[in-house]
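Let's take a walk through this fold, from a helix to the packing around it and then out to a few side-chain details. Here is the model to keep open as you read.

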Amino acid sequence: MKSFVFILLTIVSISPLWPIGPALPGDPFIIVNKQTNEVAFIKDSEVKKVYKAATGKTDDLTPEGMFTVTVKAINPYYRKLNISGGSPKNPLGTRWIGFDALNTNGRTYGIHGTNNPHSIGYYASLGCIRLRNEDVEELYELVPIGTKIFITKTWKNFEQIGTEKGVIYP
């Protein structure tokens, strides 16, 4: 029985969607480029979709590095101003894809929709990554919990970044 548990734990811990392990070629993967205010969805070693985004008003607001999607929510509640999910006043829009930046639990930083679509393409957020509601709804369906997200600021294209991170291979 001990060997079965060990094997099971080994398989689960090296699973590509296990939050501790690295992303592997073929896994879903997200890259956010603060330089271009774009988000790329990568799967099966290929950039499948690129979305225009809004990132932090200042460079330090949107953290950079490798993170893991830990929370997903439909019509998220905006705690800061006590605005219910689904309200047109809700700045989080229709979806929340939270990740564990800066030792948070996925409820502080996220990719989310917006009630201000004119902010997309600009440095406009308090640290999160904003997408148009229709774009975040599409991405939400493609991204499971455990997906890795890499945030950077560079002039490199998504293929170069993905190759460097080992999720795109020639």
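Which residues are buried in α2? They are D135, V136, L139 and Y140, where buried means under 20% relative accessible area, exposed over 50% and partly exposed in between, using a 1.4 Å probe on protein chains only. Helix and strand labels are DSSP runs numbered from the N terminus, with helices being H or I of at least four residues and strands E of at least two. A quick word on ground rules: this is a predicted model, in which local features need pLDDT of at least 70 and side-chain atom pairs count only at pLDDT 80 or more, while totals for chains, interfaces and linings use all residues. Residues are numbered from 1 along each chain as its sequence is written, and side-chain values use heavy atoms, leaving out hydrogens and water.

Back to α2. An α-helix has 3.6 residues a turn, so residues three or four places apart point the same way. The face turned away from the buried side of α2 carries the exposed E134 and E141. Among the elements covering the buried residues are β1, β2, β3, β5, β6 and β7.

Now for the packing. Take F99: leaving out residues up to four places away in sequence, its partners include F67, V69, I111 and I151, with contact meaning heavy atoms within 4.5 Å.

Two spots pair a charge with a ring, which requires NZ of Lys or CZ of Arg within 6 Å of the ring centre and within 35 degrees of the ring normal. The charged end of R95 sits over Y140, 5.5 Å from the ring centre. K165 does likewise over the face of F150, at 4.3 Å.

Last stop: S45, in the loop between β2 and β3 (46-52). S45 is buried, with a relative accessible area of 12%. Its side chain reaches the backbone nitrogen of Y169 at 2.9 Å.

Notes
A polar contact is a pair of N or O atoms within 3.5 Å; within protein, one must be able to donate a hydrogen and the other to accept it, and residues adjacent in sequence count only if both atoms are side-chain atoms.
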